[in-house]
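Look at the structure first, then read on.

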Amino acid sequence: MAAWVLSECGARPIPTFFPKPRTGVSNSFFSNTNSDSIGVTLFNTTKSITISSSFSRICKDKNWGLKVSAPVTIPFLDEDEREIATEFDPSAPPPFTLADIRASIPKHCWVKDPWRSMSYVLRDVAVVFGLAAVAAYFNNIVVWPLYWIAQSTMFWALFVLGHDCGHGSFSNNAKLNSVVGHLLHSSILVPYHGWRISHRTHHQNHGHVENDESWHPLSEKIYRSLEDATRKLRFTLPFPMLAYPFYLWNRSPGKKGSHFDPNSDLFLPNEKKDIITSTVCWTAMAALLVGLSFTMGPLQVLKLYGIPYWGFVMWLDLVTYLHHHGHEDKLPWYRGKEWSYLRGGLTTLDRDYGWINNIHHDIGTHVIHHLFPQIPHYNLIDATEAAKPVFGKYYREPKKSWPIPFHLLGVLVSSLKKDHYVSDEGEIVYYQTDTKISGN
C-alpha cells in the first residue's frame with residue numbers, strides 16, 4: 001500500500017517509519033493546525049480515506065517525522081451502522097423551544113368564542129335528552145344496548161366540554177366557565193373543582209414519574225409493595241377501565257388525598273371553598289338520582305343513567321390512558337433535572353378515533369392541548385398542523401382509524417401487558433415488564 005503527501009513541492013512518499021493511521025481526531029490535530037502548509041494523505045484502500053497536515057514552512061526540510069501530523073481516519077459506515085447513527089432518541093432535549101411552537105400557531109387558534117362553545121353544550125345536552133327519550137319510549141332489548149353505547153359516549157362528550165371549562169379554554173369569563181363546568185361535570189358525578197385542580201397538576205407535571213397526577217407510572221418499589229391481587233387487577237381488563245371513580249375518592253397508589261376533601265394535600269388552603277362547592281353539587285346530583293329511583297324505579301334509573309355512566313368511565317379511562325401509553329416505541333418518563341415542561345409534554349400522544357373525533361370534540365388531538373391547554377378544542381387540529389414542522393420527529397402521527405376505533409383496543413391490551421413499572425433510580429426511565437403479569 002502506497003501513501004503520498006501532496007504539497008506545493010510535489011508528491012513525496014511517506015517514509016516507512018511514519019506511524020500507522022489512528023481512527024478519530026486527536027486534540028493535538030486541532031490545537032496544532034497551522035495555515036502555513038496543509039498536506040493530504042491518500043491511502044489506496046476501500047475502508048478509509050486518510051487526511052493529514054504538513055506543518056513544515058519549507059518543502060526542503062526532510063524531517064518528516066516531526067513536521068507531518070498523524071493521519072486521521074474517517075471510516076465508511078455500512079447501511080446498518082448509518083441507521084444506528086441516525087436513530088432518533090425521543091428522550092433527547094429537542095432542538096426547539098416552547099416559544100418556537102407557540103410562534104408557529106396561527107393567531108386565530110388562540111381565540112375563545114363563548115357562543116361557539118355554548119353551541120356545543122346545547123347540541124350535546126339536546127342529544128343526551130333525545131337519546132334518553134327514545135330509549136324510554138321503545139324500552140326493548142334491541143334499543144337498550146344501542147342506547148348505552150351512544151349515551152355513554154355523549155356523557156364523555158359532556159365531560160370534555162367541562163374539561164375545557166376547567167382549562168379556561170371554554171371562554172375568557174371565569175364565572176361562565178365555573179357555572180357551565182359545574183352543570184356538566186356534576187351531571188356525570190364529577191366534582192368539578194376537585195378534578196380541575198388535580199388535572200392542572202397533571203398538566204404542570206406531565207411526564208414526571210413522581211409528580212404527574214394522571215396514569216403516571218409506579219416506581220418498582222411501590223409496585224412491589226402492592227398485593228398480588230391488586231397488581232393483577234391493575235393490568236387485567238376491564239378493571240383498569242373502571243378506575244376513575246375510585247381515583248376520585250382515593251387517588252393512585254403512593255398518593256394520598258381525595259378530590260372531595262377540602263383538606264386534601266391536592267389543594268391549597270385558598271381553594272377549600274371551591275372544593276366544598278363542587279362536593280355539594282356532586283352530592284345534589286347523587287341525591288337527585290336517589291330521588292328518581294323512588295319515582296321511576298331503580299331499574300329504570302340503572303338503564304337510563306347507571307349503565308351509561310359506567311360506559312362513560314370506560315371512555316375516560318381509555319382515552320386518558322392511551323394519550324400517555326401504548327406507542328410502538330417506548331417513550332421516556334423523567335425525574336430531576338432531566339424533566340422539563342416541554343420534554344414531558346412531548347411524550348404525550350395524539351390518537352385518531354374515527355367518527356368519534358367530532359363527537360368528543362377532538363380531544364384525541366392531545367399533544368398541542370397538553371402544551372397549550374388554553375387553545376379551544378375546535379382549534380386544536382389547525383394548531384397541530386401548523387406546529388408539525390417545528391415538532392419534527394418529536395410528533396408521532398397517529399394511526400388512522402376506521403369509523404369506529406376498534407384498533408385502539410389492541411393497543412390498550414398490548415400496553416397493559418408490558419407497561420408495569422419504572423426503575424426507582426435514574427432521571428430518564430422507561431416502562432419495564434413484570435413477567436408474572438405479562439405471562440411471557
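In the largest nonpolar core, which has 54 residues, the members that touch the most others are Trp 156, Phe 159, Tyr 244, Tyr 305 and Phe 312. A nonpolar core is a set of buried Ala, Val, Leu, Ile, Met, Phe, Trp, Tyr and Cys residues joined through side-chain atoms within 4.5 Å. Buried means under 20% relative accessible area, exposed over 50%, and partly exposed in between (1.4 Å probe, protein chains only). Helices are DSSP runs (H or I, at least four residues), numbered from the N terminus.

H13 gives the most, eleven residues.

This is a predicted model, in which local features need pLDDT of at least 70 and side-chain atom pairs count only at pLDDT 80 or more, while totals for chains, interfaces and linings use all residues. Residues are numbered from 1 along each chain as its sequence is written, and side-chain values use heavy atoms, leaving out hydrogens and water.

Leaving aside neighbours within four places in sequence, Trp 156 is in contact (heavy atoms within 4.5 Å) with Phe 312, Trp 315, Leu 316, Val 319, His 360 and Ile 363. A second, separate core of 17 residues includes Cys 109 and Tyr 395.

H6 is mostly covered, with 19 of its 25 residues buried. Just after H6, Gly 168 has a positive phi of about 80 degrees.

Leu 409 lies in helix H18. Leu 409 counts as partly exposed because its relative accessibility is 46%.

Methods. Helix = DSSP H or I, 4+ residues; strand = E, 2+ residues; numbered from the N terminus.
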